[in-house]
Amino acid sequence: KGLDTTVSITENGQLNENFTAVKDHEFTIKTEIKQEAYVGESSDRYDETFHGAAGKMTMHLENADFLRFARAVSLRAQNREVNVQFNISTAFAIPGGSRKRVTFPDVYFGEIPVSTPGKNDYVTFTLNWSCGQFRVG
């Protein structure tokens, strides 16, 4: 089961915000298979290359902090705010009782669509992200 997914913002090395209203989250460990055939060998050789991780999550708007988050993303993308780092962390409850946490440090975002489906519905936004590494702990 997935538990405890957060998006955190660190500015100048200090934790500034944590977003926890995550509705759903999926991620992909990006690898590429390399295949090479040699005329002197009877079978192909294989290798793989690691290309980081990428994901997508849907979140509900809880307060005005999202507007500061969106502004920080846009300023970093314009190279006007370079001391901001975004991290994503998600925990999993493993059958048998153990828990593991996966952390994606220094995440970068693509387009951030915001949806207002109706006056009785929550405002949602989608984060499409990529990063160069991940940690399991």
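**Exercise 1.** In this predicted model, are phenylalanine 86 and phenylalanine 109 buried or exposed?

Solution. Phenylalanine 86 is buried, and phenylalanine 109 is buried as well.

**Exercise 2.** Count the aromatic pairs, then classify the pair of phenylalanine 86 and phenylalanine 109.

Solution. Step 1: the count comes to 11 aromatic pairs. Step 2: the ring centres of phenylalanine 86 and phenylalanine 109 are 5.4 Å apart, and their planes stand at 80 degrees. Step 3: planes over 60 degrees apart count as edge-to-face, so this pair is edge-to-face. Step 4: phenylalanine 86 belongs to strand β5 (residues 84-93) and phenylalanine 109 to strand β7 (residues 108-109), so the pair ties together parts that are 23 residues apart in sequence.

**Exercise 3.** Describe the pair of phenylalanine 104 and tryptophan 129 and say where each residue lies.

Solution. Step 1: the distance is 4.7 Å centre to centre and the angle between the planes is 50 degrees, and the pair is tilted. Step 2: phenylalanine 104 is in strand β6 (residues 99-104), whereas tryptophan 129 is in strand β9 (residues 124-131), so parts 25 residues apart in sequence are tied together by the pair. Step 3: buried means under 20% relative accessible area. Phenylalanine 104 has 0% relative accessibility and therefore counts as buried; tryptophan 129, at 2%, counts as buried too.

**Exercise 4.** Which residues form one aromatic cluster?

Solution. The cluster consists of Phe19, Phe66, Phe69, Phe86, Phe109 and Phe125.

**Exercise 5.** Over which ring does the charged end of arginine 76 sit?

Solution. The ring is that of tyrosine 108, and the charged end of arginine 76 is 3.8 Å from its centre.

Notes
Residues are numbered from 1 along each chain as its sequence is written. This is a predicted model: local features need pLDDT of at least 70, side-chain atom pairs count only at pLDDT 80 or more; totals for chains, interfaces and linings use all residues. Side-chain values use heavy atoms; hydrogens and water are left out. Rings of Phe, Tyr and Trp (its six-membered ring) pair if their centres lie within 6.5 Å; planes under 30 degrees apart count as stacked, over 60 as edge-to-face and the rest as tilted. Helices (H or I, at least four residues) and strands (E, at least two) are DSSP runs, numbered from the N terminus. Buried means under 20% relative accessible area, exposed over 50%, partly exposed in between (1.4 Å probe, protein chains only). A charge sits over a ring if NZ of Lys or CZ of Arg is within 6 Å of the ring centre and within 35 degrees of the ring normal.
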